[in-house]
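Here is a short note to read beside the model. Please keep the coordinates open as you go.

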Amino acid sequence: MRTGRSTLTAALTGALALGVLTASPAEAADTGVTVTNVVVNKGKPIIVGITEEKEPGVTFRMTWPAGYTSGDITAFPHLYHETTAAKGAETGIRTGYVTYYDDTPRSANVEGVLYIDPRWTLDSTKDATTWKIAVNVRRWAHGSETKLEAEENLTGLGTVQVKRAARATVNASPEPVAKNKTLTVTGKLTRADWGREAYVGYPDKLAKLQFRKAGTSTYTTVKTVRANSTGSLKTTVTATTDGYWRWTFGETATTGGATAAGDYVDVQ
């Protein structure tokens with residue numbers, strides 16, 4: 001394992017991407033480095049709220065030219081969309097840190113994380129889309145900390161979906177309720193709006209109303225209801241036995257799924 005140049009914090013990664021370090025001009029030059037088998041977030045979509053920082057994992061295989069060691073290479077993955085890979089290295093979703101695990105003199109398996117703070121990284125709901133994966137590679141003169149020989153952004157490494165986090169709430173009333181009487185179940189569906197830094201109503205979304213009988217562990221779907229223009233849900237059911245009620249819905253192309261915590265109702 002090597003924990004040298006590339007085991008860096010997000011702050012230093014940003015400095016490298018912006019070219020803050022003093023180095024000889026070497027932009028858009030072939031580094032001779034190859035990157036393969038890139039996997040971000042274990043191949044799953046990255047679901048992001050409005051304040052929670054995210055550190056999705058990233059792994060890949062890297063090889064470099066003869067005459068160099070892993071200490072001469074910096075390789076920082078990043079995600080970008082609607083721009084170039086080079087610009088994405090400065091403004092996209094960038095590396096938190098990476099660590100090289102050398103297994104031959106010219107190759108290593110690399111593990112690390114990307115860093116997402118939605119308050120700074122994601123500007124609007126348009127960022128809930130498919131992001132391209134790239135790796136910014138710099139090759140330094142052997143043994144040098146400052147002499148940059150070549151730099152390139154390796155592309156065509158795959159994509160990953162970034163999605164808006166969602167929430168669901170539920171309230172069943174009256175509580176308690178007489179057996180075989182009407183129970184009204186309401187709720188609200190919301191999802192992250194990164195531009196407004198708030199959770200906003202998720203309109204027209206279909207949600208399943210589910211019930212779990214007291215003393216059991218499995219929910220069953222009772223009916224499906226469409227949220228109104230503000231994301232609110234409302235329906236009625238007949239109360240027959242004690243148990244828990246909840247709303248749930250699955251992921252879409254832009255938004256993660258959500259399930260409310262069960263609301264217990266005592267039927268008397």
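The points below cover the sheet, the cores and some local backbone features.

1. Basis. This is a predicted model: local features need pLDDT of at least 70, side-chain atom pairs count only at pLDDT 80 or more, and totals for chains, interfaces and linings use all residues. Residues are numbered from 1 along each chain as its sequence is written, and side-chain values use heavy atoms, with hydrogens and water left out.

2. Sheet. Four strands form an open sheet in the order S1-S3-S6-S5, with antiparallel pairing. Strands are DSSP runs of E, at least two residues; helices are runs of H or I, at least four; both are numbered from the N terminus. Two strands pair if DSSP finds at least two bridges between them. S1 (34-40) and S5 (94-104) are the edge strands; each has a single partner strand, so one side of each lacks a neighbour in the sheet. From one strand to the next, the twist averages 20°.

3. S5 and S6. S6 covers residues 107-115 and pairs with S5 in the antiparallel sense over 9 bridges. Thr95 has Leu114 in S6 as its bridge partner.

4. Main core. The largest nonpolar core holds 37 residues, and Val35 and Met62 have the most contacts inside it. Such a core is a set of buried Ala, Val, Leu, Ile, Met, Phe, Trp, Tyr and Cys residues joined through side-chain atoms within 4.5 Å. Elements giving two or more residues include S1, S3 (57-63), S5, S6 and S7 (130-140). Another core, of 24 residues, lies apart from it; Ala172, Leu189, Leu233 and Val265 are among them.

5. Met62. Beyond its neighbours within four places in sequence, Met62 is in contact (heavy atoms within 4.5 Å) with residues including Val33, Val35, Ile73, Tyr100 and Val110.

6. Thr121. This residue lies in helix H3 (residues 118-121). Thr121 is buried, at 13% relative accessible area. Buried means under 20%, exposed over 50%, partly exposed in between, with a 1.4 Å probe and protein chains only. Leaving aside neighbours within four places in sequence, Thr121 is in contact with Gly92, Ile93, Tyr115, Ile116 and Asp127.

7. Cis bonds. Ser173 to Pro174 is a cis peptide bond, omega near 5°. Glu175 and Pro176 are also joined in cis, with omega about -5°. Pro174 sits in the loop between S10 (166-173) and S11 (182-193). Pro176 lies in the loop between S10 and S11.

8. Positive phi. Asn41, not a glycine, has a positive phi of about 55°. Asn41 is in the loop between S1 and S2 and is partly exposed at 21%. Glu82, not a glycine, also has a positive phi of about 55°. Glu82 is in the loop between S4 and helix H2 (85-91) and is exposed at 72%.

Definitions and conventions. Axes fitted to C-alpha atoms, helices over the stretch in contact; angles between N-to-C directions.
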